[in-house]
Amino acid sequence: MTGATRSLLPSFTPTGYVPLPPSYTLQARLDYILHTLVVNETISYQNATGQTLSDLVLAVEPNLWAGCFNLDSLTVDGQDVIILLNSDRLDVQPATPLVPDQVAYLQLRYSLDLPAADSHHIFGYNNLQVNLVDWFPSIVPYSGGWLLHPPANVGEHLVYDPANFDVTVTFTDPALSVAVAASAPVALAGGIWHYVLSNARTFVFSASTGYQSSLTTTNGVILTSYYFTNDKTPGQAVLGVVSKAITTFASLFGMTPRRSLSIVESPFYDGLEYDGLFFLSRDFYKEDDGTVLNDLVDIAVHETAHQWWFGSVGNDQALEPWLDEALATYSESLFYEKNYPDVTAWWAFRVDAYTPAGWVDTNIYHGGDFRTYANAVYLRGAQFLQALRGQVGDEVFFAFLKDYATQMAGKRATADDFFRILRQRTPVDITDIQHHFFQRIH
Ligand SMILES: [Zn+2]
């Protein structure tokens with residue numbers, strides 16, 4: 001259906017009517033040597049809020065770096081608009097407000113002067129790679145208001161609803177021998193990397209002249225591991241780990257909606273998940289000793305679990321980070337339990353060693369430093385899920401996890417959804433556990 005036709009629809013919607021997800025067409029030209037990116041972006045956005053919108057709000061993460069984001073032009077339906085750019089918030093006021101169901105076409109031209117990444121920021125360039133994460137302006141979700149939280153010192157602040165992506169990447173110097181890791185499988189022809197990704201939270205890519213790669217397929221998902229010279233052994237080992245994790249989680253939670261997953265080594269201090277791609281710290285590769293219980297294996301499993309708890313089942317990462325982080329952490333324990341029943345030290349290695357304290361439902365603004373935050377949200381979160389499992393029993397617990405993953409796939413889950421779906425499965429009273437782990441009882 002065309003945008004023009006859609007805009008004539010009445011504001012009420014018939015039962016079963018599904019609005020179009022936002023659609024992004026991104027044409028990006030990367031100068032790998034100078035670390036600049038020139039982008040043509042088109043967004044097709046249907047107003048599915050049920051309200052007339054006098055403005056649209058986009059998250060522009062590159063603008064958090066001084067001098068990085070340079071906007072050349074922005075139009076809505078071909079018309080100039082009033083814009084206000086403050087920090088990472090871009091307010092766009094179309095010439096006429098968007099009525100319910102109307103489709104607007106935003107066209108943006110801009111360039112990025114990429115920052116030097118450090119061990120705590122993955123965006124930008126380092127001496128090994130160029131990482132494009134949260135690199136394009138994107139319309140933020142709307143829930144009675146625009147959902148754009150400020151950054152914090154810990155955790156992730158962005159909230160993503162599913163969108164469709166059509167991305168082409170080209171390089172200023174076509175003679176450069178560069179490999180690209182991305183959120184989706186590539187169609188490469190004539191120096192153009194073309195990607196199509198549907199119903200994804202975001203699209204990221206990482207380019208390097210130093211990547212080596214290994215590939216396998218598991219449960220219909222193409223896995224590619226990108227690593228650097230001298231890291232072939234851990235780079236290939238991680239492929240086997242992720243393959244096993246996908247098999248385990250597909251059986252426990254249901255199939256991953258992604259056709260591919262890229263695993264990317266990076267001089268970053270930790271692992272970091274995106275849809276269809278995650279980064280793993282170079283330190284983990286260097287410290288890998290071939291054992292089963294180490295950071296390379298454990299964090300690779302954690303980031304793989306985020307393909308379900310973040311990629312498929314979304315959440316407000318700023319205000320309810322436990323919904324993805326507690327589940328991703330507990331999924332690590334399930335990985336060991338199902339694949340290595342003799343390796344029983346996971347709880348000691350990952351959780352007990354930190355004697356975790358704090359409320360599971362801590363948000364990223366009240367988390368303190370990373371250790372305190374992770375202890376509360378990730379580790380107490382894992383303890384909560386283990387306690388919940390003990391209270392309701394294995395059969396109910398695993399049926400609930402699958403149910404929650406299925407019912408909330410492609411949506412943004414809240415704590416209310418979590419406990420509502422749990423109560424559909426069992427009448428068992430869990431008030432004691434809730435009081436023990438949560439500030440707010442749902
Ligand atoms: Zn995580």
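## A tour of salt bridges, zinc site and strands

Select D231 and R282: they form a salt bridge, with their closest N and O atoms 3.2 Å apart (a side-chain nitrogen of Lys or Arg within 4 Å of a carboxyl oxygen of Asp or Glu). D231 sits in the loop between β18 (221-227) and α2 (232-253), and R282 in helix α3 (residues 282-287), 51 residues apart (helices are DSSP runs of H or I with at least four residues, strands runs of E with at least two, numbered from the N terminus). D231 is buried at 2% relative accessible area, while R282 is partly exposed at 21% (buried is under 20%, exposed over 50%, partly exposed in between, with a 1.4 Å probe and protein chains only).

This is a predicted model, in which local features need pLDDT of at least 70, side-chain atom pairs count only at pLDDT 80 or more, and totals for chains, interfaces and linings use all residues. Residues are numbered from 1 along each chain as its sequence is written, and side-chain values use heavy atoms, leaving out hydrogens and water.

Next, select D298 and R350, a salt bridge with closest N and O atoms 3.3 Å apart. D298 belongs to helix α4 and R350 to helix α6 (residues 346-351), so this pair ties together parts 52 residues apart in sequence. D298 is buried at 0%, and R350 is buried at 15%.

Move to the zinc ion. Its protein donors are H302 (NE2), H306 (NE2) and E325 (OE), 2.0 to 2.1 Å away (donors are N, O and S atoms within 2.8 Å of the metal, or 3.2 Å for Na, K and Ca; water is not among the atoms, so sites may look incomplete). Their spacing along the chain is H-x3-H-x18-E. Both H306 and E325 are buried.
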